[in-house]
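Hi,

Here is the model I promised to pass on.

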Amino acid sequence: MSTTPVSSAKPGASQARSKTAGRQETIWTVALAALLVVLLAYFYLAVPDFRSLGTSGVLALCEQFLFTGLIALGEAVVVLAGEIDLSTGAMSSLSGILMASLWQQGLNIWLATVLALFAAALGGALNGFLVTRFNVSSLLVTLGTQFIFGSVATAVGGNTPPYNFPRSFVTLVGTGTVGPVPDQLLVFAVVAVAAWLLVARTRYGRSLVLIGYNRAASRYSGIDVRRSLLWAFVASGLLAGMAGIFVSGYYNAARDDIGDSLLLPAITVVVLGGVDIFGGRGRMSGVILATFLLGFLTQGLLIRGDSSLTATMVTGVVLVLCLVLKVALDHRAWAQLRELLRHRVSGMGELRAGRGA
Amino acid sequence: MKQTRTFQRRLGWRVGAAAACVAMGATSAVTATPSPASAAGLATIKVAMVPKLLGLPVFEANQKGALSVVHELGISFKFTAPATASAEGQVSIFNSLIAQHYNVITLSADDPTVPVPVLQKAMKAGIQVISYDSDVAQSARDFFIQDTAYNTIAQGVIDAAVKFAGPNADVAIMSSTPDATIQLAWIGAMKSYIAARYPHLKIVTIGYGQSNQATSLSQAEGIIHSYPNVKAILPIDGAAVVGTAQAVAALHESGKIGVFGIGDPLPNQKYFADGSMQGLFLWNEVGQGKLTMLMARLAYEGAHGAPECTAKTPPAHPSPSQWCGIRTNYGRAQYFNGAAVGLPGTYSIAAKANKVSGATRNTVIFSKPLEFTRSNYKKYDF
């Protein structure tokens, strides 16, 4: 059936497909934004405790899920390129522990932060190196490095990892605000815009998406696939490291397993954001929106009085529904396209046949 | 063109459906909060109980005890926790409880430091914070309910082992991890009790099961193989208890090597029944849940101007005017009576730390350990 369209229709089809894909991405992003508005409106109108938080209180809720968002942004870069990074959670733990331990050794905490971020980028580079140099699946490489990063964090952190950081640090990266806006939100906004620009507006970003969409084609078009992928993993490592610093600041404590619980939510955000888990399709704007959608959904349900079990379950239901919907959409798009082509081809035949009769 | 428009419309419909799905998902979520039913004249207060995670029998037993007394205490009660033990998950919950204007938060902490900022925020918002079972940093709670004194539970385990294996035997300990606070304290208490009372009893080794049943099993088997003279193994962590009993049963040493540990009887019924487990020590988790709720009420009353409790107050069935309160800012011990929730005797709140019992400031020691043996294990459902 699908082979019926004649070969001459193929270039047109692929063009039409990318156009539909682009349209779908737009629709998905708009839908996420609409959902976010609906969700916030619902909580505001139906949950008095949510309403009584006020603007600053609602904004402060972000402090509990922006770590996940930071990791998701980096993860999205890697996933767009058709790879995955499972080591981001452990990397967050490691960077927090490194920062805290260096500080405990007497280093200035900001210098310690810079060094920890550098180490995180280096860890990402290690992932990228292993993946591109030895052609091992990133799933396996990062599954492995995840354990390495985690164990190093445990070893460095020791039995009682450091806590009680200087006030200035905790305020700036943890719980500080500018007016009603948490510092974390401001930093996230900057990073998110940068990530969005990188993917949507730069040659590098477009090449990443192409690598994810069709690696052979991207190679033929002169893209240095290895180098592009390497930098994608560096970005992922760096952002995971950043998340680790924020987590430590927010909890005012480092913990060698604190990032473990961030990995799966981050991947959830990436997928919910409309990024194809096999790469090549998706937008950063979707990931950014999904961060807030999922975050406010969880926090709102908790404030509504639901148990965290319910919140987790609802998150799962929403994710599955969205994915089923997305796949259905894709099929629909394909079917529509085929139908369109078939109509055009066979319609001509029918017309001719009709005339003949 | 027309077809494209239909296509878009269909998409639109689907997007709408997705929105509806989320909205429905949000509204149909079920809560298990029992309805508030205040005792006559007593102002209802909102109290949350947040254990380390959901689904653990000991924490459910706490909940059962709490539920049995919240009506008389005028408490609107909520039991909530992360689905897996997670300090970050607890922090999210604490944040939501602050937003919901709870009066008292009771918790068993997954981590002593991570929840400190959020609990201090709660205390600043006028919420009383009471930890039980597993403490947070002292600066982040008002009171702590310690399960039992370290020295008494250590004595219970050692005495039982000596009764089985004699005062000159070789014994081994199975713990969780080398840095687990409470296990370290118990081991220390056992060692000092042995030194004072049974100088010829020898601890030949300490195995670490990493709070994992499979690891505990292989560690315990290793001990049995490498120390053939060991007459008793003392597992002092939930996973270690099960793993040790499994090892003894698997190597056909049931009854020859005694197993005396610290743990709850329900997961170990099988090993009591087949003779590979001789004795377990724990505290009455149901009673601990009752005490936690009583202290929630007393802490609330104390913060709202009620007179200080004494060894005789509150009485068994207090009227609203007979309630007393407990406070944290006294430099001396305080006392209160457990009769209001059917607990016998007087409880004392330590004014300063006590190395022997392990109590820190503003700590109440709940009870003497309860001993579970082959003859009584069936009576307990935690």
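Which residues touch the most other members of the largest nonpolar core? They are Leu293(A), Ile105(B) and Val157(B), in a core of 210 residues. By nonpolar core I mean a set of buried Ala, Val, Leu, Ile, Met, Phe, Trp, Tyr and Cys residues joined through C-beta atoms within 7 Å; buried means 20 or more other C-beta atoms within 10 Å of the residue's own, with C-beta atoms placed from the backbone. H12(A) gives the most to this core, 15 residues. The core lies between domain 1 (45-141 + 285-349) and domain 2 (150-282 + 375-379) of chain B, because both give residues to it. Those bounds come from an automatic or database domain assignment, and the two domain centres, taken over C-alpha atoms, are 32 Å apart.

Some housekeeping: this is a predicted model, where local features need pLDDT of at least 70 and side-chain atom pairs count only at pLDDT 80 or more, while totals for chains, interfaces and linings use all residues. Residues are numbered from 1 along each chain as its sequence is written, with chains lettered from A and ligands numbered from 1 in the order in which they are written.

Over in chain B, all five residues of strand S13 (363-367) are buried, so the strand is largely enclosed by the rest of the structure. S13(B) runs parallel to strand S5 (143-148) of chain B, and four bridges join them. Within that pairing (DSSP must find at least two bridges), Thr148(B) stands opposite Ser367(B). Strands are DSSP runs of E, at least two residues, and helices runs of H or I, at least four, numbered from the N terminus.

Cheers

Definitions and conventions:
Buried ≥ 20, exposed ≤ 12 C-beta atoms within 10 Å, placed from the backbone.
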